[in-house]
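Have the model open in your viewer and your selection tool ready. We will go from stop to stop, and at each one I will tell you what to select and what is there.

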Amino acid sequence: MAQVDVEMPKMGESITEGTVIAWHKQPGDEVEQDEILLEIGTDKVDTEVPSPKGGVLTETLVEEGDTVEVGTIIATLDTEAAAAEVDADDAPPAEAPADDEAADNASDADAEEDADEEATPPETDSEEAASPAPSGDEVEVVMPKMGESITEGTVVAWYKDIGEAVAIDETILEIGTDKVDTEVPSPAEGVLTEKLVEEGETVEVGTVVALLASEAEAGSAEPPASDEPDATQETAPEADEAELPSTPPPGDGAVPDADEPQRAPEETITRRGDDGRFYSPLVRSIAKEEGLHMSELESLEGSGRGGRVTKEDVLAYLDEREQAPAAPASAPERPPRPGHSDEAPPARGDYTVGEGPSDEELRQQYGDRIEVQPMDRMRKMTAEHMVRSKATSAHVTSFAEADVTGLVQLREANKEAFLEREGVKLTYTPFFVKAAVEALREHPLLNASVEGDKIVIKHDFHVGIAVAIGNKGLLAPVIRSAGDYNVSGLARKAANVADRARNKELQPDELQGGTFTVTNIGSLGSLMGTPIINQPQVGILATGAIQKRPVVVENDGLGDAISVRHMMYLSLSYDHRIIDGAMGSSFLQRVVTELESFSADADLF
């Protein structure tokens, strides 16, 4: 017997254990490779565990509701059982059993045959039912893993429709997270037969989002009939059930009966309720964070397997509770004015972009000579992040001026040779990043973050650089360990991440973990600006356009003289909670000194 162990998977750097929520297979059940064996959960996410091999589940070593460490063996598979059954089907009929063991085996074979007959759907007149299901030629397209901390993604747009042919690596759909949008290529050549996730839906990493018929069966691929069950839907009933609207409790939450004792506000959220239902770590974490009571959880109608309450059920309940009217029921209703809402605005730190008035209402308010453009996902995320940053940090901006004549001469003297040698253009951005890192070494408080009443000073310099994505907005990919590179190395890193940002090839982890940000607003012609801090950082440096200006230059022995120099403005926005004006100005002057130290004969390599 070839035994394969199924382990509790690692679901992130900070996740050390997981809880078995539900077993989808029982000992003795046959499973295919990548078929769902069980569902597990942490305090961050619930996810499904696929089978690593095809075979028969021989033993489950962890009960539902138990929590074990990552790497613990939770089940075993016999991979030879399925192969033996296939061989038996091909062999000629056996004669009468020679001993008791053979008789037992024959009985088991009969039982399996009966079970197979019961599992076989009744024949119908439809061609689809009569044709055999594809075996091995159906390719699943799954929601890809885009970083250690990313557990789910949203389908932004489908680039292919059902029935369309796709080539390998051709883009099928675009997905997005709260960090980045990216395109998903086709894993194989064939025909798109089914979309399992609609545009705008958010699903967990590893979820099957589409099915392809490979080239071998592309000629006969047809969209599935609406009145027949789909195999994918049978193996993942939660996805369908979660789409069914459940009836949430009215008002501000569940109202207990008069005879039911009130739970204390400080009550804990237990793993199982009074009705015996199990609540996953993720559900308990959300409930605790939102201040829910056990009575509220128990009142929810779960959409998961066996009525289990899922993350979506809790979030839907919270949305319903927030939208409940605060005014008395007897208060007279009045129609809202176009473009206005009677609801109290959320705190700035909790700002989210809500749905605006309809186009018709906006035209009633502003007239017909307007154009209404809905925000895309990137613009919504930018808007929310900017407002939250202003609500979080006490922004202050200081300014300085630098004479970068030597820097301009250095770049002009080396840009052609640099392009030929390195394969990327020599821009001013790597010089600005280098100067910022040198200033951060002497001002470590600007390379920090604020966590409650604690200041966390970072010893690595992970510098984000702002990259304009056409007219859609900005991204700030991170150059990690920027202090370890010279100007040449920083130029290669900056060119690489900027190019991939514009081509939607960045991974979400490349947009996280920055400790300071540099934005070159001068590349777009701005002289100076007041940038908004990229949370949870405490500082951001903006570099303005370089211009020739007449300035007074001090010459030893010759006195003052007027000379035409290349000048630029620098602006530093910093968090006044921990950075005082004196430190902000000192940091800026250190950046100026570093930029003015470059000369035409400096060595870039």
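Start by selecting Lys160 and Glu170: they form a salt bridge, with the closest N and O atoms 2.7 Å apart (a salt bridge is a side-chain nitrogen of Lys or Arg within 4 Å of a carboxyl oxygen of Asp or Glu). Lys160 sits in the loop between strand 10 (152-158) and strand 11 (165-166), while Glu170 sits in the loop between strand 11 and strand 12 (171-176), so the pair ties together parts that are ten residues apart in sequence. Searching the whole structure gives 17 salt bridges.

A word on what you are viewing: this is a predicted model, where local features need pLDDT of at least 70, side-chain atom pairs count only at pLDDT 80 or more, and totals for chains, interfaces and linings use all residues. Residues are numbered from 1 along each chain as its sequence is written, and side-chain values use heavy atoms, with hydrogens and water left out. Helices (H or I, at least four residues) and strands (E, at least two) are DSSP runs, numbered from the N terminus.

Zoom in on strand 4 (residues 36-41), which is joined to strand 5 by five bridges. Here Ile40 stands opposite Thr47 in strand 5.

Now move to helix 6 (residues 281-290) and helix 8 (residues 311-322). How far apart are their axes? They are 9 Å apart, and the packing angle is about 20° (axes are lines fitted to C-alpha atoms, for helices over the stretch in contact, and angles run from 0 to 180 degrees between N-to-C directions). That makes helix 6 roughly parallel to helix 8 (angles under 35 degrees count as roughly parallel, over 145 as roughly antiparallel, 65 to 115 as roughly perpendicular and the rest as oblique). To see the contact, show Leu282, Val283, Ile286 and Glu290 in helix 6, which meet Lys311, Val314, Leu315, Leu318 and Arg321 in helix 8 (contact means heavy atoms within 4.5 Å).

For the last stop, select helix 12 (residues 429-442) and helix 13 (residues 487-502), which pack at about 120° with axes 8 Å apart. Helix 12 is therefore oblique to helix 13. Show Pro430, Phe431, Val433 and Lys434 in helix 12, which meet Val487, Leu490 and Ala491 in helix 13.

Methods. Pairing = 2+ DSSP bridges.
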